[in-house]
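User: I am new to this structure and would like to go through it in short questions. Please show it first.

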Amino acid sequence: VDHGATKAAMFHQIEGFIVDDHTTFADLKGVLYAFAKQLFGDAVELQFRAHFFPFTEPSAEMDFSWNGGWLEWGGCGMIHPGVLENCGIDSSVYQGFAFGMGTDRTAMMRFGVPNIHLLFDGDVRRLEQI
């Protein structure tokens, strides 16, 4: 994978979370797999790598297979009980998960854009290709 084609000085992200009385890391992975399959098709491959984020525990980096390698898609994890408590949510009753993913890399994979910089060059003809 040409890492120059997948990195930019800007980073756009979409985030999601759920809080419920019975939410697990398996639920988190299931939601992300279902979303990826809906967006990219049944053949999509994801991997989760242990990582540190201060607001989730456990935390993971989520990657998808792209052009013969793995490309980071975003971070995810179970919402830290302290975060829930600071929001006025009883962490002995409720738990949740959170995720964030790069929209630019999502567009690269979804629409077959070979270089992330093409998303920012201002050429309106690019929109006609999608």
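User: Where in the chain is T23 placed?

Analyst: Helices (H or I, at least four residues) and strands (E, at least two) are DSSP runs, numbered from the N terminus. This is a predicted model, in which local features need pLDDT of at least 70, side-chain atom pairs count only at pLDDT 80 or more, and totals for chains, interfaces and linings use all residues. Residues are numbered from 1 along each chain as its sequence is written, and side-chain values use heavy atoms, with hydrogens and water left out. T23 sits in the loop between β1 (13-20) and α1 (25-40).

User: Is T23 buried or exposed?

Analyst: Buried means under 20% relative accessible area, exposed over 50%, and partly exposed in between (1.4 Å probe, protein chains only). T23 has 4% relative accessibility, so the residue counts as buried.

User: Which residues does T23 touch, not counting residues up to four places away in sequence?

Analyst: Contact means heavy atoms within 4.5 Å. With residues up to four places away in sequence left out, T23 touches I18, M78, Q95, G96 and F97.

User: Why does A43 count as exposed?

Analyst: A43 is found in the loop between α1 and β2 (46-53). The residue counts as exposed because its relative accessibility is 70%.

User: How many salt bridges are there by the rule used here?

Analyst: A salt bridge is a side-chain nitrogen of Lys or Arg within 4 Å of a carboxyl oxygen of Asp or Glu. The side chains of D63 and R49 meet in this way, at 2.6 Å from N to O. D63 in strand β3 and R49 in strand β2 are 14 residues apart, and the pair links distant parts of the chain. The count of salt bridges comes to one.

User: Of this pair, is D63 buried or exposed?

Analyst: R49 has 34% relative accessibility and so counts as partly exposed. D63 has 3% relative accessibility, and therefore counts as buried.

User: Which side chain makes a polar contact with the side chain of D104?

Analyst: D104 lies in helix α3 (residues 103-111). D104 is buried yet has no salt bridge, and the nearest side chain of opposite charge, R105, is 7.5 Å away; here Lys and Arg count as positive and Asp and Glu as negative, while His and the chain ends are not counted. A polar contact is a pair of N or O atoms within 3.5 Å; within protein, one must be able to donate a hydrogen and the other to accept it, and residues adjacent in sequence count only if both atoms are side-chain atoms. At 3.0 Å, the side chain that makes such a contact with D104 is that of H12.

User: How many disulfides does the structure hold?

Analyst: A disulfide is a pair of cysteine sulfur atoms within 2.5 Å. By that rule the number of disulfides in the structure is zero.

User: Which element has the lowest mean pLDDT?

Analyst: pLDDT is the predictor's confidence in each residue, from 0 to 100. The protein averages 89, and 94% of the residues score at least 70. Where pLDDT is low, the predicted coordinates should not be read in detail. Helix α2 (residues 81-86) has the highest mean, 97, and the lowest, 72, belongs to helix α4 (residues 125-128).
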